[in-house]
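Dear colleague,

Please find the structure below, together with a short account of what was found in it.

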Amino acid sequence: MWCRLFRKWTAGTTLALLSTLSPQAAKAYQVDCAILLCLAGGWPASAECAHARAVFIRRITPWPIEPPLQIWRCPMGVSERAPLQSTASRIWEASDQSGQTLGQVIQAQVVEGRADIDISGLEFDFVRSIRVWDVRHYSHRERGRDDDCSESYNMRLGSYGAQGEFGWQRTTPAAAPRWVLPTRHCSSSNWRRGVGVEWEDHEGNHGYEWVAY
């Protein structure tokens, strides 16, 4: 049922769904389900999506740095490919503009570490578009007697796999976009530290947020 609801949304109906969530439904939904839907929709204006975006950003704000979308906390079905770690009942109740019920009680088992349904299709590419840039240290400045330029850094990149699993890998300044490292010029003031997250919505529109510390 969740999959059918999501497919309806990708055709353009879930933006209306999000705008008509009742207070009872707002209390019932899992925040990661809201992040999933609101991110895909480009963070549409609503109280639910404002809260979801705040949680999404807060998770990458040090310390600790967490996966901004924890899709394994949003039950969408029962996985048949991995051991089930925990069981929970989740409710997503919403109505479209005609008042017809689109969602009912979802009985699901939560799989730790990845989505509990197959999300390898193109419709979930927006999940894999999420990247977390952790710049623990970056500098490019003159050092030593001869004023030679020295670039030093400690950076890692967090990304999502085919089924929504999150992992870290080392990265380099050359791989970072300009909003992460605005300049790599050698200067006494070229120093950077912070965490950033970028994403694309379901239509491919790009967004990002940078948190300096």
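**Findings**

The model is predicted. I begin with a residue in a loop and then turn to the disulfides and a helix pair.

Leaving aside neighbours within four places in sequence, N190 is in contact with Y138, S139, H140, R141, T183, R184 and H185. N190 lies in the loop between β5 (166–170) and β6 (191–200). Its relative accessibility is 7%, so N190 counts as buried. The side chain of N190 reaches the backbone oxygen of T183 at 3.4 Å.

A search of the whole structure finds three disulfides:

- C33 and C74 are joined with their sulfur atoms 2.2 Å apart. The torsion about the S-S bond of C33 and C74 is about 110 degrees, so this disulfide is right-handed. Both C33 and C74 are buried.
- C38 and C49 are joined with their sulfur atoms 2.1 Å apart. Here the torsion about the S-S bond is about -80 degrees, so the disulfide of C38 and C49 is left-handed. The pair links C38 in helix α4 to C49 in helix α5, eleven residues apart.
- C149 is joined to C186, S to S 2.1 Å. With -100 degrees about the S-S bond, this link is left-handed. C149 is partly exposed, at 45% relative accessible area, and C186 also counts as partly exposed, at 27%.

Helices α4 (residues 31–40) and α5 (residues 47–58) pack at an angle of about 100 degrees, with their axes 9 Å apart. They are therefore roughly perpendicular to each other. The contact is made by V31, A34, I35 and C38 of α4 and C49, H51, A52, V55 and F56 of α5. These residues divide into eight nonpolar, one polar and no charged.

With kind regards

Notes:
Residues numbered from 1 in each chain as written. Predicted model: local features only at pLDDT ≥ 70, side-chain atom pairs only at ≥ 80, totals over all residues. Heavy atoms only, no water. Axes fitted to C-alpha atoms, helices over the stretch in contact; angles between N-to-C directions. Helix = DSSP H or I, 4+ residues; strand = E, 2+ residues; numbered from the N terminus. Parallel < 35°, antiparallel > 145°, perpendicular 65-115°, else oblique. Contact = heavy atoms within 4.5 Å. Nonpolar A, V, L, I, M, F, W, Y, C, P; charged D, E, K, R; others polar. Buried < 20%, exposed > 50% of the residue type's maximum accessible area, 1.4 Å probe, protein only. Polar contact = N/O pair within 3.5 Å; in protein donor to acceptor, adjacent residues only side chain to side chain. Disulfide = S-S within 2.5 Å.
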